[in-house]
Amino acid sequence: MNVTVVVPTYNGGKLWEESAKAISGQRATIDRVKVVDSSSKDNTREIARKYSFDVSVIEQKDFDHGGTRSYALEDIDSDIVVFLTQDAILDDEDAITNLVEVFEEHKNIACAYGRQLPHDDADFLAAHARNKNYSPSSYICDINSDYPKGLKKAYMSNSFAAYRVDRLKSIGGFPSKLILAEDFYVAAKFLENGHSVAYVASAKCKHSHNYTVTQEFKRYFDIGVCHSTQKWMLQLLGRVEGEGVLFAKDQIWTCLKSKKYFTAVRSILCSFAKFLGYKMGMKYEVFPINFVRFFSMYKSYWNK
C-alpha cells in the first residue's frame, strides 16, 4: 500500500528534530512526507528539508486543525495517509508499518490510531493519563460494537493516525472551523457510514503534555464547545457516563499509592478544572465573547 505522511508544524523546536529523525528512520516504504508549516520563526522548515521532506508554507493566522489537514490532503493520491503532530516521536522503526498493516488485514477499517506513550520528561499525571488511556490491547470497532462504549468508539488522535485516502476524501476530508477533535469528527462520520475504526497498540509513539490546572480547564472548555457544536456525535454514539469520575478516582488513588501526596492534590484540582471547563464549554453561548476567548485554549478559533 502506498503511504504518505503529513505533519503540520509551527516552531517545532527540539521535539520536531527528534520526530523528523524518527520518521526518516522508518522501515516502511513512505512515498512522501509532506510538512505544512504555519510560517515558523525557528528552523522548523530547515529540519524538514534536511530529511528531504516536502514543505509548503501557510500563514499562521490561516491554520485550522481540520482545514489545514484537508488542504494537505488535496494533492495526495496514495492509498493511506498517516498524520503526525510535530511533537509525536515514533517509538521504533516499525511504528508506521504496524499501523498500516491493519488496513490490509481488515478491509472495512477506514481509520486507525496508534498507542501513545509518555515523553521522557512527562510528569506523574501526564504519564498516568497516557498509560491509562492507551491500553496494550488493540481493538477494532464499528457502530454496533460493545466495546468501546459511547463516544469512545470514535476516539482517534491525529498525533499518530492513519486513514484510507479514498474514504477520507469521500466524506469531504476534515471539517474546517472546528475548535478541535477533527480526528474524532471524521471517525464518527466513518462509523455513521458503516465503516470500522481500529486501535493498534503495537504502533507506538511518544506523545504527552504536562498541562497545568489552568491549561486543563481551557482544554476541556474547548472539548465542551466541540461537543456543543457537534451534538450529532452525542446523539449517534451516546455519552460515556461516569468515565471521567472513574479516571479521576484512579489517578488520585495511584498518586496516594505512590506516596505522591502533593501530586494527589494537583490531580484533584485538575479533575475539578476539567469538569468545570467542560460544563462551561457546553454552555459557551451564554458567555460574552471576550470571556469565551479568555477561557479557550485555541483562541484563534474565535477570531474566525
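Buried here means under 20% relative accessible area, exposed means over 50%, and partly exposed is whatever falls in between (1.4 Å probe, protein chains only). What you're looking at is a predicted model, where local features need pLDDT of at least 70, side-chain atom pairs count only at pLDDT 80 or more, and totals for chains, interfaces and linings use all residues. Residues are numbered from 1 along each chain as its sequence is written, and side-chain values use heavy atoms, with hydrogens and water left out.

View A. Helices (H or I, at least four residues) and strands (E, at least two) are DSSP runs, numbered from the N terminus. Strand E6 covers residues 109-117, and nine of the nine are buried, so the rest of the structure largely encloses this strand. Two strands count as paired if DSSP finds at least two bridges between them. E6 runs parallel to strand E9 (residues 196-206), with eight bridges joining them; Leu117 has Lys206 as its bridge partner in E9. With E8, E6 runs antiparallel, and three bridges join the two. Ala112 has Ala162 as its bridge partner in E8.

View B. Most residues other than glycine have a negative phi, and most peptide bonds are trans. Now for the residues in this view. Ser39 isn't a glycine, yet its phi is positive, about 55°; look for Ser39 in the loop between strand E2 (32-37) and helix H2 (44-50). Ala181 also has a positive phi without being a glycine, at about 65°. Ala181 sits between helix H6 (165-170) and helix H7 (182-192), in the loop, and is buried with a relative accessible area of 18%. Tyr147 and Pro148 are joined by a cis peptide bond, omega about -5°. Pro148 belongs to the loop between strand E7 (139-141) and strand E8 (160-164).

View C. Patches are made of residues with over 30% relative accessible area and no salt bridge; like charges are joined within 9 Å, and nonpolar side chains (Val, Leu, Ile, Met, Phe, Trp, Tyr) within 5 Å. A salt bridge is a side-chain nitrogen of Lys or Arg within 4 Å of a carboxyl oxygen of Asp or Glu. Lys231, Arg239, Lys279 and Lys283 form the positive patch. Lys283 is in the loop between helix H11 (261-282) and helix H12 (289-295), and counts as exposed at 55% relative accessibility. Trp253, Leu256 and Tyr261 make a nonpolar patch of about 350 Å². Leu256 belongs to helix H10 (residues 243-257) and is partly exposed, at 35% relative accessible area.

How values were computed: Accessible areas come from the Shrake-Rupley method with a 1.4 Å probe; for residues, only the protein chains shown count as cover. Lys and Arg count as positive and Asp and Glu as negative; His and the chain ends are not counted. The place of a charge is taken as NZ of Lys, CZ of Arg, CG of Asp or CD of Glu.
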